[in-house]
Amino acid sequence: MPDQTSRTPAADASTGELVSRVAEQISTLVRDELALAKTELVAKGKHAGIGGGLFGGAAALGLYGLGLALALAVVALDLVWPLWLALLVVTVVVFAAAGVAALLGRRQFASATPLAPSDTLASVNQDVDAVKAAVREGRTS
């Protein structure tokens, strides 16, 4: 059966043909957009994986460096104070810094919730409402 939809001009097409064309075009558009998104996400995922690995390596080296800096602080304070007092002061400073970081991290997590993309959901709901309104206006006209 020949493809009638490509030959019939839009002005001469029946409502059924027009609805069929729109459905096909929307289906093709969505399929193409999903394929594009998949390709883009795969490429970004590769870069994110490499970046994550490099960040992990940097974090490990940073922790070793921090350990050495703390050992240096203890040794330097040991020149002035007894060893036990130098260790106590460095330990208290490290735990205080960890507590401040934990409080700041908790505040950041609280501001990030809920995880649902609320702006995007609102935009999609507006789009759906606009389409519904257009359909209602088309029926009443």
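How are H1 and H2 oriented to each other?

1. The model is predicted. The protein chain has an average pLDDT of 87, and 90% of its residues score at least 70. Among the elements of the chain, H2 has the highest mean pLDDT, at 95, whereas helix H3 (residues 118-140) has the lowest, at 79.

2. Three helices and zero strands make up the secondary structure elements of the protein chain. The pattern along the sequence is accordingly written α-α-α. The radius of gyration is 31 Å, well over the 14 Å that the globule rule gives for 141 residues, so the chain is more spread out than a compact globule. The C-alpha trace spans about 95 × 35 × 15 Å along its principal axes.

3. Two packed helices are described by the angle and the distance between their axes. For helix H1 (residues 15-78) and helix H2 (residues 83-112), the axes cross at roughly 140° and come within 8 Å. H1 and H2 are therefore oblique to each other, which answers the opening question. Their crossing is right-handed.

Conventions: Residues numbered from 1 in each chain as written. Predicted model: local features only at pLDDT ≥ 70, side-chain atom pairs only at ≥ 80, totals over all residues. Heavy atoms only, no water. Axes fitted to C-alpha atoms, helices over the stretch in contact; angles between N-to-C directions. Helix = DSSP H or I, 4+ residues; strand = E, 2+ residues; numbered from the N terminus. Parallel < 35°, antiparallel > 145°, perpendicular 65-115°, else oblique. Left-handed = near helix turned anticlockwise from the far one by under 90°. pLDDT = per-residue confidence, 0-100. Rg over C-alpha atoms; globule rule 2.2 N^0.38 Å.
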